[in-house]
Each structure stands twice: as C-alpha cells, then as structure tokens.
Amino acid sequence: MSMAYKKQETEKMCLECNKRFIGISRSKFCSKLCQGRNDAKAYVFVIDKKGNKVRRCKYIWEQQNGEMPKGKMIHHIDGNKKNDAIENLQLCSRKEHRLLHISIEKEARIMPFKACRGIF
Ligand SMILES: [Zn+2]
Ligand SMILES: [Zn+2]
C-alpha cells in the first residue's frame, strides 16, 4: 500500500473551455493553452498615448514612475490582476518575481506562480 504517494486526482471542469478532465486538486484548466487564454483575459488593457494596447498595471505604474526599466515586471501584491491600484503594484525583476511567488506559495499553498504573470 503506497497511498501516501498517490496524488489527489479528481474529475474537474476546465474554467476556460468547460471540458471535463482529470487533474490534481489545484488545477483549474485542462491545458496550458486554456490557462494562457484565461490569464490573458484576467488582465485589463488600455490604449496608451502612442496608441499601443498595454496592460493597465504597466500604464498606471508608468504614470507615477516614468518608463518601466527593461527586464522588469509588475507584481500584483494581492494576487489580483484586476487590482491595478498603484499601492498594489510592485516592480521587480523576473528572478525577484519568481522568488516572491515561491514564498507566497509556500505560505498560502494556494497561489501558483501563474496566478500573476506581469511579463512585458
Ligand atoms: Zn480547457
Ligand atoms: Zn506576481
């Protein structure tokens, strides 16, 4: 009997395409593709002065701080990509962002890295 090693796999419904799939308790999507589609929808986009479609979090951050440095990204402190209040936006490097999410995940064990992916 090696029950301890068995992952909790259950039948789930994909949040994006409503397809039924077998996944572990934390998975919400049937595929990486569906996860990506859902991520993209989670962000709010605006049109900047140059007519480019940009993520609202980037736009708001740049209104306050000037152009975002190359290689940096914005982390949503509360994990909600729709909460683009300036105090919820934290500028960090890709590496810092990853470490940040690893520590959040360790603490909460509910928020995977993909929960907030502010890559520009
Ligand atoms: Zn799906
Ligand atoms: Zn983040």
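User: What makes a stretch of this chain a helix or a strand?

Analyst: In this predicted model, a helix is a DSSP run of H or I with at least four residues, and a strand is a run of E with at least two. From the N terminus on, the order is β-β-α-β-β-α-β-β-α. The chain has 3 helices and 6 strands.

User: Where is confidence lowest and where is it highest among these elements?

Analyst: Helix 3 (residues 94–108) has the lowest mean pLDDT, 82, and strand 6 (residues 89–93) has the highest, 96. The chain averages 83, on a scale from 0 to 100.

User: What is the phi of Asn18?

Analyst: The phi of Asn18 is positive, about 65°, although Asn18 is not a glycine. Most residues other than glycine have a negative phi.

User: Why does Arg94 count as exposed?

Analyst: The cut-off is 12 or fewer other C-beta atoms within 10 Å. Arg94 has 11, so Arg94 is exposed. Arg94 lies in helix 3.

User: Which residues is Arg94 in contact with, leaving aside its neighbours within four places in sequence?

Analyst: Arg94 is in contact with Gly71 and Met73. Contact means that the C-beta atoms, placed from the backbone, lie within 7 Å. C-alpha to C-alpha, Arg94 and Gly71 are 7.0 Å apart, and they are 23 residues apart in sequence.

User: How much of the chain counts as buried?

Analyst: Of its 120 residues, 11% count as buried, with 20 or more other C-beta atoms within 10 Å as the cut-off.

Conventions
Residues are numbered from 1 along each chain as its sequence is written. Chains are lettered from A and ligands numbered from 1 in the order in which they are written. This is a predicted model: local features need pLDDT of at least 70, side-chain atom pairs count only at pLDDT 80 or more; totals for chains, interfaces and linings use all residues. pLDDT is the predictor's confidence in each residue, from 0 to 100. Two residues are in contact if their C-beta atoms, placed from the backbone, lie within 7 Å.
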